[in-house]
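Subject: Handover of a structure and findings

Dear colleague,

Please find below the structure that I am handing over to you. I would be grateful if you kept it open while reading the notes that come after it.

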Amino acid sequence: SDLRAPGILCAGPRRAFSQLAASYRSRLPVPVVGITGSCGKTTTKDMLASLLSVHRRVVASPASYNNDIGVPHTVLSADASCETLVVEMGTNAPGEIEALCRTAQPSAAIVTNAGSAHLPGLGREAGAAQEKAPPPARIAPGAWVVLNAACGRRDTVRARSPAGRATLRTHHRAAARPPPAPRPDDQPPR
């Protein structure tokens, strides 16, 4: 061989990168939040990292590093000062989220939704829901999973999780109502 520098020869560098990150992750004593969904992953990851960083040292996926290169990169970016790791996980084909979960080993999960994104690789919305289920399915009983109440496939994802769950509900109003007009007998506060 003409290799003149230290290196690792392997048949599958992407798989080796994931295995290296999984080994490193298994020794990281920090909570890992895995975020997946058909859309909204990056925004959710950025918001969560921002909120947590007020009180903790957070390492989060840069940009949309949510594939078999980006997830190992994120895991390996966590150093000894990291207190929480936030990992975005995306997919285009069946089995990708499961593989990313083996790498990141999330201890909590957020599933933004399971919709029609990536249907060419996943088949139909039911396939998308099955693909989004591994993060919640890998969570330990008593941990937490956040699901979107507006997602029509949330029960498919929920059924695979032994964890405690929080289902988010939001209410949207078409227009804000103006405050009521003061009555003549109302006195201003003193």
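The notes below go from the chain as a whole to its cores, its strands and a few individual residues.

Please bear in mind throughout that this is a predicted model.

Overall architecture

The chain contains 8 helices and 6 strands. Followed along the sequence, these elements give the pattern α-β-α-β-α-β-α-β-α-α-α-β-α-β. The chain has 190 residues, of which 38% are classed as buried. Its accessible surface amounts to about 11400 Å², and carbon and sulfur atoms hold 56% of that area. Among contacts in the chain with a separation of 6 or more, 66% are between residues 24 or more positions apart.

Nonpolar cores

The largest nonpolar core has 16 residues, and the members touching the most others are Val71, Leu85, Val87 and Met89. Helix H3 (70-77), strand S3 (84-88) and helix H4 (96-104) each contribute at least two residues to this core. The greatest contribution is that of H4, with 4 residues. A further core of 9 residues lies apart from the largest one, and its members include Val33, Ile35, Ala49 and Val58. As a general background, nonpolar side chains in soluble globular proteins tend to be buried together.

Helix H3 deserves a separate remark. Its buried residues include Gly70, Val71, Pro72, Thr74 and Val75. The buried residues of H3 pack against helix H1 (13-26), S2, S3 and H4.

S4 runs parallel to strand S1 (residues 32-36), to which 4 bridges join it. S4 also runs parallel to strand S5 (residues 144-148), here with 3 bridges.

Asn66

Asn66 is found in the loop between strand S2 (58-60) and H3. Is Asn66 buried or exposed? Its relative accessible area is 16%, under the 20% limit, and therefore Asn66 counts as buried. The side chains of Asn66 and Glu88 are joined by a polar contact of 2.9 Å. Leaving aside residues up to four places away in sequence, Asn66 touches Lys41, Val71, Glu88, Met89, Gly90 and Leu100. Of these neighbours, Val71 and Met89 are also among the residues named above for the largest nonpolar core.

Ser50

Ser50 belongs to helix H2 (residues 41-52). With a relative accessibility of 46%, Ser50 is partly exposed. Ser50 and Ala60 are separated by 10 residues in sequence, and their C-alpha atoms are 9.6 Å apart in space.

Cysteines

How many disulfides does a search of the whole structure find? The search finds 0 disulfides.

Yours sincerely

Technical notes:
Residues are numbered from 1 along each chain as its sequence is written. This is a predicted model: local features need pLDDT of at least 70, side-chain atom pairs count only at pLDDT 80 or more; totals for chains, interfaces and linings use all residues. Side-chain values use heavy atoms; hydrogens and water are left out. A disulfide is a pair of cysteine sulfur atoms within 2.5 Å. A nonpolar core is a set of buried Ala, Val, Leu, Ile, Met, Phe, Trp, Tyr and Cys residues joined through side-chain atoms within 4.5 Å. Buried means under 20% relative accessible area, exposed over 50%, partly exposed in between (1.4 Å probe, protein chains only). Contact means heavy atoms within 4.5 Å. Accessible areas come from the Shrake-Rupley method with a 1.4 Å probe; for residues, only the protein chains shown count as cover. A polar contact is a pair of N or O atoms within 3.5 Å; within protein, one must be able to donate a hydrogen and the other to accept it, and residues adjacent in sequence count only if both atoms are side-chain atoms. Two strands pair if DSSP finds at least two bridges between them.
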